[in-house]
Amino acid sequence: MKILFAMDEYFAANNGGGISAQRFADELKKRGHEVRILASDVNGQPEFPLGEFKLPLFDPLVKKQGVTFAKADQAVIREAVEWADLVHLENCFVVASKTAKTAAEMGKPCTGVFHTYPENITSSIHLAWMKPVNKALARAFERNVFQYCSDIHCPSEKVMQNLINWGYTADLHVISNGVTPEFEYHRIPKPEAFQDKFVILMTGRYSREKRQDVLIKAVKKSKYEDRIQLIFAGQGPLEKQYQRLSKNLSNKPVFGFLQKTELKQVMAYSDLYIHTAQVEIEGMSCLEAIASGLVPIIADGKMTSTGKFALDSRSLFKSGDAKELSQKIDYWLENAEERRHMERVYHEHAEEYAIHKSAQELEKMFLGAYKKIYGANSALTA
C-alpha cells in the first residue's frame, strides 16, 4: 500500500508527534508498504516538501515551544494525495485540513491520529481553564479535519472516550504509539558529581501543561531534599521561570535538551522517573523511561493518559498535588530493594507496548479504511 503521512513537521527530534510518525513509517516500510511524507522541509527533506509557515505575532511563542508549521501549498498537497492509496493525518491543523479535504475530493481513503488536546494549545495562552473554548476547539478539529477520516487512531482509552464525548463519528481504534527496542534495561554507575545523590529524571517540553513546577515544589517538601538531583531533559519557554523556582534547592537542577544517546545514558543511572504533565495524549518519554528500567511516578488526571503505564498506586499521584508526589518520591527512595525489583517489572511491562505490535494494529486500521472505499473484496492486502 502507498501510504501518505501528512503533517506540519516530521523531522524534529523534540516533537512527540513527529517521533511517533517516524517510528510508524519505519515499521510500515518493514512490513512492505511504501510510505511518503507530506510536511515542511525544516530539518529534513520529505518526499512532498512544504515551506515553513510563520504565524504572525505568535511565531516567537511557537518557536519556544519547539513547533514548526508548514505552508499548505495546494499544488504539492494534490500531488501527494494523488500518489497515495491512503492518506493518514498526523495532526489537526491547516495542512491536515486541506489534505483531508483534497483526499475527500479525490475519493481517497483518509485516516487520522488524535495527538493534540485543545488544552495543549490553550495552556500556552492561559486559557486552559475555559471549558467553552476547549470544547469549541475540539469541535473545530472534528469539523475541519476528522470528519473526513473514516478511522481515527487513539493512543489511549481515555482519548477515545473524550472523542466520543465530543461527538466524533469516525471508527475509533485504541493503539499505543509504542516504544522501540533501543530502550532496554541498562544500569550504569552515576557520574562522580552525582555519586551521593538521588537522581530524578523528567523529560518533556518546558510548557505550562507539563507542570515541571509540581516536581520542583515536591522536592522542596521531601525529607531527602538535600540529596535529590533533578534533571529536566527538554526545552521550552518556561525554562527561566523554572530556574528561578528551583534556585533555593540544595542541588541546582540540570536543564537542557538531550540527544537520544545522552538521554539513554541519563536513564541508565537515574533512580526515579517523574511525569507531572496534566494535559497529554500519551507520554512517550515515560514509556521510554520504564522500558529502560526506571520506576515512574505519574500524574493522574482527566486530560492525561500517561497514568495507564503505572502498575499500582505507588506510581501515581493526583495531578498538580506536590505534597502527594513528595510522599511517593520519599517512599521509593526509602525502599531501594523494592525499587530495584520493580525496575525489572516495569521493563517487562513496557514490552506490551512494543512498536511492532502497534504498527501491526495501525496496519489493520489502514486496510480496513481502504476496504471501506474500494470494497471488502479489494485486491490490496497486507
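Setting aside neighbours within four places in sequence, Lys-108 is in contact with Val-81, Glu-82, Trp-83, Ala-84, Ala-103 and Tyr-374. Bear in mind that this is a predicted model.

- You'll find Lys-108 in the loop that runs between helix H4 (94-106) and strand S7 (110-113).
- Lys-108 is buried, yet it has no salt bridge.
- The nearest side chain of opposite charge belongs to Asp-85, and that is 6.2 Å away; a salt bridge would need the charged atoms within 4 Å.
- What the side chain of Lys-108 does have is a polar atom 2.7 Å from the backbone oxygen of Ala-84, and Ala-84 is also on the list of residues in contact with Lys-108.

- Glu-9 belongs to the loop between strand S1 (2-6) and helix H1 (16-30).
- With a relative accessible area of 6%, Glu-9 is buried, because buried means under 20%.
- The Glu-9 side chain makes a polar contact with the side chain of Asn-43, at 3.3 Å.
- The side chain of Glu-9 also reaches the backbone nitrogen of Thr-68, at 3.3 Å.

- As background, most residues other than glycine have a negative phi.
- Asn-43 lies in the loop between strand S2 (34-40) and strand S3 (48-50).
- Is Asn-43 buried or exposed? At 58% relative accessibility, Asn-43 counts as exposed, since the cut-off for that is over 50%.
- Arg-211 isn't a glycine either, and its phi is positive at about 60°.
- Look for Arg-211 in the loop between strand S10 (198-203) and helix H8 (212-221).
- Arg-211 is buried, with a relative accessible area of 19%.

**Where H12 meets H13**
- Helix H12 (residues 322-334) and helix H13 (residues 336-350) pack with their axes 5 Å apart, at an angle of about 95°.
- That angle makes H12 roughly perpendicular to H13, because 65 to 115 degrees counts as roughly perpendicular.
- Which residues meet there? On the H12 side they are Tyr-331, Trp-332, Leu-333 and Glu-334, and on the H13 side Ala-336, Glu-338, Arg-339 and Met-342.

Methods. Residues are numbered from 1 along each chain as its sequence is written. This is a predicted model: local features need pLDDT of at least 70, side-chain atom pairs count only at pLDDT 80 or more; totals for chains, interfaces and linings use all residues. Side-chain values use heavy atoms; hydrogens and water are left out. Helices (H or I, at least four residues) and strands (E, at least two) are DSSP runs, numbered from the N terminus. Buried means under 20% relative accessible area, exposed over 50%, partly exposed in between (1.4 Å probe, protein chains only). Lys and Arg count as positive and Asp and Glu as negative; His and the chain ends are not counted. A polar contact is a pair of N or O atoms within 3.5 Å; within protein, one must be able to donate a hydrogen and the other to accept it, and residues adjacent in sequence count only if both atoms are side-chain atoms. Contact means heavy atoms within 4.5 Å. Axes are lines fitted to C-alpha atoms, for helices over the stretch in contact, and angles run from 0 to 180 degrees between N-to-C directions. Angles under 35 degrees count as roughly parallel, over 145 as roughly antiparallel, 65 to 115 as roughly perpendicular and the rest as oblique.
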